Amino acid sequence: MTLQEFLNKSKSVKKITKKVIVGDRFVDENGKDMPFEIKTFAANKHDKIRSEASKGEYFKASEYNTKIVVEGCVYPNFKNTESIKSRGLHTPEEFVRDVLLPGEIDILSLEIQKLCGYNVSINDLIEEAKN
């Protein structure tokens, strides 16, 4: 099989999902892990998120990671307006920062980036944004 044939038969990368465990804080009443479901998204969406997190020569890693989580998380749905409003918040990003610890946001963001094919560290992305 050639690479072209392989690509022709492969599933769309827009439909790839994965369940991940973010931390030991997310367990049900029986002590069973509650996974997050993450998804891939298009490169142009990633470029937009990276651009929004870049302010001149500065890169806001926390803003970048939060936006990655909002875009790449299927479940829970951080864009759910009822959930956002029920906490007195206005944006999905506020909701993420209200319910997840900073380290949990970073872990989830990294898992989403890996699923999207980015096998680099956030420090590499910061350096790339500076250049």
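Which residues does valine 69 touch, not counting residues up to four places away in sequence? The legends below answer this and describe other close-up views.

This is a predicted model, in which local features need pLDDT of at least 70, side-chain atom pairs count only at pLDDT 80 or more, and totals for chains, interfaces and linings use all residues. Residues are numbered from 1 along each chain as its sequence is written, and side-chain values use heavy atoms, with hydrogens and water left out.

**Figure 1. Overview of the chain.** The chain holds seven helices and five strands; helices (H or I, at least four residues) and strands (E, at least two) are DSSP runs, numbered from the N terminus. Their order along the sequence is α-β-β-α-β-β-α-β-α-α-α-α. The C-alpha trace spans about 50 × 45 × 25 Å along its principal axes. Of the 131 residues, 29% are buried, where buried means under 20% relative accessible area, exposed over 50%, and partly exposed in between (1.4 Å probe, protein chains only). Contact means heavy atoms within 4.5 Å. Among contacts between residues at least 6 apart in sequence, 56% join residues at least 24 apart.

**Figure 2. Surroundings of valine 69.** Valine 69 belongs to helix 3 and touches Phe78, Val96, Leu100, Ile105, Leu108, Ser109 and Ile112, leaving aside residues up to four places away in sequence. Valine 69 counts as buried because its relative accessibility is 0%.

**Figure 3. Helix 3 and its crossing with helix 5.** The axes of helix 3 (residues 61–72) and helix 5 (residues 92–99) come within 9 Å and cross at roughly 105°. Axes are lines fitted to C-alpha atoms, for helices over the stretch in contact, and angles run from 0 to 180 degrees between N-to-C directions. Helix 3 is therefore roughly perpendicular to helix 5; angles under 35 degrees count as roughly parallel, over 145 as roughly antiparallel, 65 to 115 as roughly perpendicular and the rest as oblique. Helix 3 contributes Thr66, Lys67, Val69 and Val70 to the contact, and helix 5 contributes Pro92, Glu93, Val96 and Arg97. Because nine of its twelve residues are buried, helix 3 is largely enclosed by the rest of the structure. Among the buried residues of helix 3 are Tyr64, Asn65, Ile68 and Gly72.

**Figure 4. Helix 6 and the glycine that follows.** The 14 residues of helix 6 (residues 102–115) should span 20 Å at 1.5 Å a residue, and the end C-alpha atoms are 20 Å apart, which agrees. The expected span of a helix is 1.5 Å times one less than its number of residues. Buried residues in helix 6 include Glu104, Ile105, Leu108 and Ile112. Glycine 117 follows helix 6 and has a positive phi, near 95°.

Figure 5. Tyrosine 75 and proline 76 are joined by a cis peptide bond, with omega about 0°. Proline 76 is found in the loop between strand 5 (73–75) and helix 4 (81–86). Most residues other than glycine have a negative phi, and most peptide bonds are trans.

Figure 6. Cysteine 73 is in no disulfide, with the nearest cysteine sulfur, that of cysteine 116, 12 Å away. That distance is too far for a bond. Cysteine 73 is buried, with a relative accessible area of 5%, whereas cysteine 116 is partly exposed, with a relative accessible area of 22%.

Notes
Disulfide = S-S within 2.5 Å.
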